[in-house]
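Subject: Handover of a structure, with notes

Dear colleague,

I am passing on the structure below, and my notes on it follow. Please read them with the model open beside you.

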Amino acid sequence: MVHNSTDLPRPALLDEARRVVRRALVSLKWLLAGTGTALLAFGVLALVVLVALLCLIGVGLLLIGPTLSVVRPVAQLERRRLRAIGHPVDMTYDRLPRGAMAVWRYVRTDETTRRDLWWLGAHATVGLVVGLFAIQLPLSAVQGITIPVWWQAVSADDATVLNGFVHISSWPGAWMALVIGLVWLVLTVALPPVLLRAQTAAGRRWLPPHPDLDLSERVAQLTATRAAALDAHAVELRRIERALHDGAQNRLVTVAVLTGAARQAMARDPAEAEAILERAQTSAETALAELRSVVRSILPPVLERSGLPGAVSALAAQCPVPTRATVDVSQRCPAAVEASAYFAVAEGLTNVARHSKADRATVLVERRGSVLVVRIEDDGVGGAVLQQDSGLSGIQRRAEAHDGTLRVSSPVGGPTVVEVSLPCGS
């Protein structure tokens, strides 16, 4: 059965409202960052046009190399923003040849430079306009909502809304401006995700490598990913084997030995046989508990039953350090991705409890475009290092098996931030 939003209980409505507001605020943050890169792109575009005009008289040929040295960092800055938003984009540039004519011939045939210039023109125009409009939304909302408070305290020329197009000179006009401000407020919450998609469209289209140029790099990346997946699988099998061999198997051997001893003692001393059987039952129950623990470590039932929100909340509740968990995932991800995210949170909180000496921790799991991001942060002593055979290296192996990444920031004195990015499809 499909329920309308009005059928949801009040806590669910509040949670949904918080998610919508939070999504709008995050989108506004990245729109503001995109406006910054758009301003840079506008300035660089003006430089490119100037150099192109100078090329008509030959002088500009000497400036092509330095101009590309400016274009590329701006494009890389936008790629960093796209990766942070959840659109993995990367590019490795060729070194520019020496000599003005060599650079000119290189630019004429280089597909990467052509794609950068297409992005530069689109982002410096469309991206800038979209960013400025996004900034206008909250400013107009605040101005309209607050105008009944201050319109009489300023001059008639300053009592305006809609960027000075409408002047307020009476109370009916002020209340109308308040209504307009509320409309702007609704737009401020509703539009930023849409505007962010519009602003990043050019980058998603032009900043990735051309498909024909990306094949060899992609093959190498997939080879490394396959190796990481096989390594992670082998490590997981060894862990399960050790857990069964050192735990449940030893317990079951003990049960077999105790059962044989009880059979021999049954005839001569029933009381002793009963005591031995009691020990055998205890060992069998312990072995059963250990088997259940191993099964849960393969695929936790709570993850299958409640999804990531319930599973992550359960991990946060079990952590000895007070932990606040936030999960913003609108739809289920592939089971393997959810399992990797779950174990990343579990291992991260285990490290917090054992090593961080933290007073509190936070867990954020959210989907950014086609990437599931897991972020564990604590206020402990810091100093966490990614080492071989450590818990963090286990998280890294799981992430790399999905073509994902692990980022660890843990300066001495804290805080420690562990962020895992897992591609999970569109």
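First, the basis of what follows. The model is predicted, so that local features are given only at pLDDT of at least 70 and side-chain atom pairs count only at pLDDT 80 or more, whereas totals for chains, interfaces and linings use all residues. Residues are numbered from 1 along each chain as its sequence is written, and side-chain values use heavy atoms, with hydrogens and water left out.

**Overall**

The protein chain has eleven helices and seven strands, where helices (H or I, at least four residues) and strands (E, at least two) are DSSP runs numbered from the N terminus. Of its 426 residues, 37% count as buried, that is, under 20% relative accessible area, with exposed meaning over 50% and partly exposed lying in between (1.4 Å probe, protein chains only). Among contacts in the protein chain with a separation of 6 or more, 70% come from residues 24 or more positions apart, contact meaning heavy atoms within 4.5 Å.

**The five-stranded sheet**

Five strands form an open sheet in the order E3-E4-E5-E7-E6, with mixed pairing; two strands pair if DSSP finds at least two bridges between them. Its edges are E3 (323-328) and E6 (405-409), each of which pairs on one side only. On average, neighbouring strands of this sheet are turned by 10 degrees against each other, direction ignored; axes here are lines fitted to C-alpha atoms, for helices over the stretch in contact, and angles run from 0 to 180 degrees between N-to-C directions.

Going through the pairs, E3 and E4 are parallel and share six bridges. E5 (residues 371-378) and E7 (residues 416-423) pair in the antiparallel sense over eight bridges; leucine 372 stands opposite leucine 422 in E7, and the bridge partner of arginine 375 in E7 is glutamate 419. E6 and E7 also run antiparallel, joined by five bridges, with threonine 405 having serine 421 of E7 as its bridge partner. These two strands, E6 and E7, form a hairpin with six residues between them, and in the turn glycine 413 has a positive phi of about 100 degrees.

As for burial, seven of the eight residues of E4 are buried, so E4 is largely enclosed by the rest of the structure.

**Helices H10 and H11**

H10 packs on the sheet, where it touches E3, E4, E5 and E7, and its direction makes about 10 degrees with that of E5. H11 lies across E6 and E7 and runs at about 150 degrees to E6. The axes of H10 (residues 335-356) and H11 (residues 391-401) come within 10 Å and cross at roughly 165 degrees, which means that H10 is roughly antiparallel to H11 (angles under 35 degrees count as roughly parallel, over 145 as roughly antiparallel, 65 to 115 as roughly perpendicular and the rest as oblique). From H10 the contact draws on Ser340, Phe343, Ala344, Glu347, Gly348 and Asn351, and from H11 on Gly391, Leu392, Ile395 and Arg398. By class, this contact of H10 with H11 has four nonpolar, four polar and two charged residues, with Ala, Val, Leu, Ile, Met, Phe, Trp, Tyr, Cys and Pro counted as nonpolar, Asp, Glu, Lys and Arg as charged, and the others, Gly among them, as polar.

Buried residues of H11 include Leu392, Ile395 and Arg397. After H11 comes aspartate 403, whose phi is positive, near 70 degrees. Lysine 357, in the loop between H10 and E4 (361-368), also has a positive phi, of about 55 degrees, although it is not a glycine; at 72% relative accessibility, lysine 357 counts as exposed.

**Helices H2 and H4**

Elsewhere in the chain, the axes of H2 (residues 64-85) and H4 (residues 111-150) come within 10 Å and cross at roughly 70 degrees, which makes H2 roughly perpendicular to H4. Residues that meet there include Leu68, Val71 and Arg72 in H2, and Asp116, Trp119 and His123 in H4. By class, the contact of H2 with H4 has six nonpolar, two polar and five charged residues.

With kind regards
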